Amino acid sequence: MTSTVSSVALACASNQSIFLAGESGPVWLVVEGVVHLDRDSGPIRQPVQLALPGDLIGAESLCGQPYQLSASAFTRCRLEPVRPDAAPEPLLQQALLQQLDRSQDMAQLRSGNVQQRLTHLLGLMGLDRAVHEAGRMGQADAVREALPALREVALLVDAKTETVCRALAQLLPPRSRKRGPVRAVRDWSSTAPARLATAWAANAAPLGAAA
């Protein structure tokens, strides 16, 4: 497959395809939201990595190569193409450092018990503070609304859907019986990855203890 992807800015709904492995196109900057990168293995989709706001995806195109992985929106997201005249060396350096960080994130998302994996995912998404405040401020429904479909979360953390459902029930208070307007959760989508990681590190221990 050698089709060329449009180089205009993209606004994607959750689970919408961004590009497929084998296509050619620009390097993309994740501006808002979370993107998942997958390797297709026959009928099975194998999650490889997440990309957070500030991350680059499709950096292999800087080397004249087609995309090696397929990219889809894990949450609602916005992406912008990197200018074709941008210096490739700094971009490659950024992509390399990002790769190291995201590889560590992926290891934590697929090791330990499911509750620990979900705790890390919520931290990467910037939802950790909302989880802490869910009981006190009635934001449990808002946190659930901010998450992708359970099957997508389960695939990412390598667990069964029902196991993820039970783990979330332990992390979050029950849904409110009267479903009114969903209260606003702080905007996590445009937060820099470094701030997300710092926030998670500061809050992960209390969250785990509360579970």
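1. Cysteines. The disulfide count is zero, a disulfide being a pair of cysteine sulfur atoms within 2.5 Å. C12 is in no disulfide; its nearest cysteine sulfur, that of C77, lies 4.6 Å away. C12 is buried at 4% relative accessibility, whereas C165 is partly exposed at 41%. Here buried means under 20% relative accessible area, exposed over 50%, and partly exposed in between (1.4 Å probe, protein chains only).

2. Basis. This is a predicted model: local features need pLDDT of at least 70, side-chain atom pairs count only at pLDDT 80 or more, and totals for chains, interfaces and linings use all residues. Residues are numbered from 1 along each chain as its sequence is written, and side-chain values use heavy atoms, with hydrogens and water left out.

3. Helix α1. Residues 88-109 form this helix of 22 residues. Helices (H or I, at least four residues) and strands (E, at least two) are DSSP runs, numbered from the N terminus. From first C-alpha to last, α1 reaches 31 Å, close to the expected 32 Å; the expected span is 1.5 Å times one less than the number of residues.

4. Faces of α1. Its buried residues are L91, A95, Q98, R102, D105, M106 and L109. They cover an arc of only 90° around the axis, so they sit on the same side of α1. The arc is that of the directions from the helix axis to the C-beta atoms. The face turned away carries exposed E89, Q93, L96, L97 and Q104.

5. V82. This residue is in the loop between β8 (77-81) and α1. V82 is buried at 17% relative accessible area. Beyond neighbours within four places in sequence, V82 contacts V27, W28, L29, L56 and L91 (heavy atoms within 4.5 Å).
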